[in-house]
Amino acid sequence: MKRESGADNTKAMPDVASNSMVDHIGGTLDWVGMSEIHLPARVSDTRVGERPVSTSIQAYVNLANPDAKGIHMSRLYLMLEETFGDHSVSPASIEQLLGNFLETHEGLSTRGFVQFDFEYSMRRPALKSSYAGWKSYTVSIKASLGEEGLCTEMYVEVPYSSTCPCSAALARQLIQEKFREDFQSGKVDVDEVFEWLGTEEGIRATPHSQRSIAQVRVLLDKAAESFPITALIDSIEEALKTPVQTAVKRIDEQEFALLNGQNLMFCEDAARRLKHALDPQPCYRDFWLRVNHLESLHAHNAVAIVTKEVEGGYLPIP
């Protein structure tokens with residue numbers, strides 16, 4: 001059948017949100033939106049500039065109008081693509097995004113929220129040799145916008161090695177006892193002891209160590225123009241001294257053993273090191289950190305948590 005010229009043949013689509021047959025129960029909602037939105041983006045790093053990342057995004061607005069059935073979810077998605085197709089992820093672009101969320105939900109919403117989760121790869125040199133390799137760090141950026149203005153938070157996870165001070169002391173005791181047993185005659189020759197120390201019989205015990213994880217959340221200064229991702233990771237690794245390595249030669253592995261021996265740490269020690277490193281940095285208005293020592297002796301983990309102790313700031317909850 002021929003269509004009449006100029007006729008509007010578009011089907012009328014049902015507006016379920018406005019004309020639903022389901023009885024409406026009024027009430028406000030804290031957040032409504034979407035999670036696991038996968039988009040490529042460029043993140044603005046204070047130290048290294050823009051870096052490409054693959055993000056998993058959560059985007060929400062509150063539903064402040066108790067009589068409204070819902071929000072315009074497609075608008076959130078479209079504004080994410082529009083904003084970060086043209087701009088890197090930065091405090092300014094996030095503020096623009098959340099402002100657009102609220103502008104397009106006028107009369108419905110008063111607060112907006114967005115979270116970017118991604119793996120951040122950094123090329124790290126070996127400790128002694130010319131080797132280098134890529135390390136991947138878990139990073140999250142969260143931001144909310146409301147009457148109080150923009151609030152921006154960054155989270156990183158940094159793996160490191162921790163060697164137990166108690167285990168090290170117990171191992172030294174066994175070595176001492178074996179030394180006394182083997183050299184009880186009292187005649188000690190330096191060369192003989194040197195050779196003895198290089199045998200498995202001489203070093204009869206070693207302390208236990210384990211891979212550990214520092215989880216650090218920081219509240220950024222409102223004047224921040226980019227995200228101090230590399231700077232924060234560097235601060236954490238420099239404070240702990242024993243970050244896990246990538247490609248290594250034996251000289252690097254030996255240096256790593258030396259660093260572990262010189263930096264024996266209970267979880268309490270690691271947490272205090274990090275607090276001491278982050279406290280003086282003015283770019284972090286507040287911080288929350290948790291260190292997890294994934295025990296090799298026990299089936300459970302050892303954990304310490306500490307905050308900056310800012311009034312009204314992060315709570316020291318697990």
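Modeller: Happy to! A helix here is a DSSP run of type H or I with at least four residues, a strand is an E run of at least two, and both are numbered from the N terminus. Keep in mind that this is a predicted model.

Next, ask how much of H6 is covered. A residue is called buried when its relative accessible area is under 20%. Eleven of the twelve residues of H6 are buried, so the helix is largely enclosed by the rest of the structure. Among them are Ile 229, Ala 231, Leu 232, Ile 233, Ile 236 and Leu 240.

Side chains of opposite charge can pair when their charged atoms come close. Glu 237 does this with Lys 135: the two meet in a salt bridge, with 2.9 Å from N to O. Glu 237 belongs to H6 and Lys 135 to strand S4 (residues 132-146), so this pair ties together parts that lie 102 residues apart in sequence. Both partners, Glu 237 and Lys 135, are buried.

Let's follow strand S4 for a moment. Lys 142 and Glu 153 also form a salt bridge, at 4.0 Å from N to O. Lys 142 is in S4 and Glu 153 is in strand S5 (residues 149-163), so here the parts tied together are eleven residues apart in sequence. Lys 142 is partly exposed, with a relative accessible area of 28%, while Glu 153, at 14%, counts as buried.

Now back to the helix. Salt bridges with shared partners join Asp 234 and Glu 237 with Arg 47, Arg 124 and Lys 135 in one network. Across the whole structure, a search finds twelve salt bridges. One of the others joins Arg 42 to Glu 50, whose closest N and O atoms are 2.7 Å apart. There, Arg 42 is partly exposed at 29% relative accessible area, and Glu 50 is partly exposed as well, at 45%.

Finally, see how H6 ends. The helix is followed by Lys 241, which has a positive phi near 75 degrees. Most residues other than glycine have a negative phi. Lys 241 sits in the loop between H6 and helix H7 (250-262). With a relative accessible area of 43%, Lys 241 counts as partly exposed. Elsewhere, Glu 36 also has a positive phi, near 55 degrees. The place of Glu 36 is in strand S1 (residues 29-45), and its relative accessibility of 59% makes it exposed.

To put the picture together: H6 is largely enclosed, its Glu 237 pairs with Lys 135, and Lys 241 comes after the helix with a positive phi.

Notes. Residues numbered from 1 in each chain as written. Predicted model: local features only at pLDDT ≥ 70, side-chain atom pairs only at ≥ 80, totals over all residues. Heavy atoms only, no water. Buried < 20%, exposed > 50% of the residue type's maximum accessible area, 1.4 Å probe, protein only. Salt bridge = Lys/Arg side-chain N within 4 Å of Asp/Glu carboxyl O.
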